[in-house]
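Dear colleague,

My notes on what was found in it follow directly after.

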Amino acid sequence: MKSVSLVSLKDQAAAALRREIYAGELPDGAELRQEDIAAQLGISRLPVREAMQQLQNEGLLERLPNRHVRVVGVTAARLRQSFAVLAAMECELFALADTALREKGLPDPACDAEFHLAAAEVLDNPTLYQRFFTQRQGLLDAAQALGAAEHAALIERNRAIAEAFTVGKDTAPHIRRYYDDLTEQTAKELVV
C-alpha cells in the first residue's frame, strides 16, 4: 500500500494564493487581509497568516504596517528564476537519491507528479520533500491556471529523464529541459 501524503492547511492556502497571483486574479498592488482570505477559503486565520508569511518569503507578497500584505506581482523574469531554482533542486534530488531510486525504480513517466516527486520521496526527509513538493506544486498550479502545462510534451520530457537515468547518464540536462519548456510555455501565457 502506498503511503498517504497530507498537505497542511497552510500549504493549501499558500498554493491557492500562489495560483491566484500567477493567474493575475490577485493583481500587482492588491492589498490582502488575513480575515478576508480566511473567510474565502473557509479556514481560520492562523494558516492564512502562515501562508502569507511563506509567500512573503517567496517574494510574491510584501508585508504592510497595518497587518495587511500587498501582492508584489509576477514577471516573466521572476517566473524563469523560480523554475530555474526548481530545476536545480530536482537535479540535486536525483543525484542524492540515485542509489535509492535504482533500488526502488522510477515511477511511470506518464504520472508526472509522482515521477518528479520520486527522488524527494525516497530520501526519507519529510522537510526536504515538503519544500520541494510545495514549490513544485505552486509553480505547476500557476502553469495550469495560465493554461500553459502541455501534458503530452511534459510526459515526453519525463521519458527522456527516465531513459537517461536507466542507462546511467546524467539526468540534469533532461530535467532542466523539462523545466525550460514549462517555463517558456508559462511565460507566454503570463498576464503582466
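A residue counts as exposed when its relative accessible area is over 50%. Glu163 has a relative accessibility of 56% and is therefore classed as exposed. Please bear in mind that the model is a predicted one. Glu163 belongs to helix α8, which spans residues 151–166. Although 54 residues separate Glu163 from Pro109 in sequence, their C-alpha atoms are 9.9 Å apart in space.

Asp124 sits in the loop that joins α6 (112–122) to α7 (126–145). The phi angle of Asp124 is near 55 degrees, which is a positive value in a residue other than glycine.

I turn now to the packing of the helices. Two packed helices are described by the angle between their axes and the distance between the axes. For helix α1 (residues 9–22) and helix α3 (residues 45–57), the axes come within 8 Å and cross at roughly 55 degrees. That angle makes α1 oblique to α3, and the crossing is right-handed. On the α1 side, the contact involves Leu9, Lys10, Asp11, Ala13, Ala14, Leu17, Arg18 and Ile21; on the α3 side, it involves Pro47, Glu50, Ala51, Met52, Gln54 and Leu55. Nine of the residues in this contact are nonpolar, one is polar and four are charged.

Helix α3 also packs against helix α2 (residues 34–41), at an angle of about 115 degrees and with the axes 9 Å apart. This crossing of α2 and α3 is likewise right-handed. From α2, the residues Gln34, Glu35, Ile37, Ala38 and Leu41 meet Arg45, Val48, Arg49 and Met52 of α3. The contact of α2 with α3 comprises five nonpolar residues, one polar residue and three charged residues.

Finally, which residues touch the most other members of the largest nonpolar core? In this core of 53 residues, they are Ile21, Leu32, Met52, Leu61, Leu101 and Tyr179. Leu61, leaving aside residues up to four places away in sequence, touches Ile21, Leu32, Met52, Leu55, Gln56, Val69, Arg70, Val71 and Val72.

With kind regards

Definitions and conventions
Residues numbered from 1 in each chain as written. Predicted model: local features only at pLDDT ≥ 70, side-chain atom pairs only at ≥ 80, totals over all residues. Heavy atoms only, no water. Axes fitted to C-alpha atoms, helices over the stretch in contact; angles between N-to-C directions. Helix = DSSP H or I, 4+ residues; strand = E, 2+ residues; numbered from the N terminus. Parallel < 35°, antiparallel > 145°, perpendicular 65-115°, else oblique. Left-handed = near helix turned anticlockwise from the far one by under 90°. Contact = heavy atoms within 4.5 Å. Nonpolar A, V, L, I, M, F, W, Y, C, P; charged D, E, K, R; others polar. Core = buried A, V, L, I, M, F, W, Y, C linked by side-chain atoms within 4.5 Å. Buried < 20%, exposed > 50% of the residue type's maximum accessible area, 1.4 Å probe, protein only.
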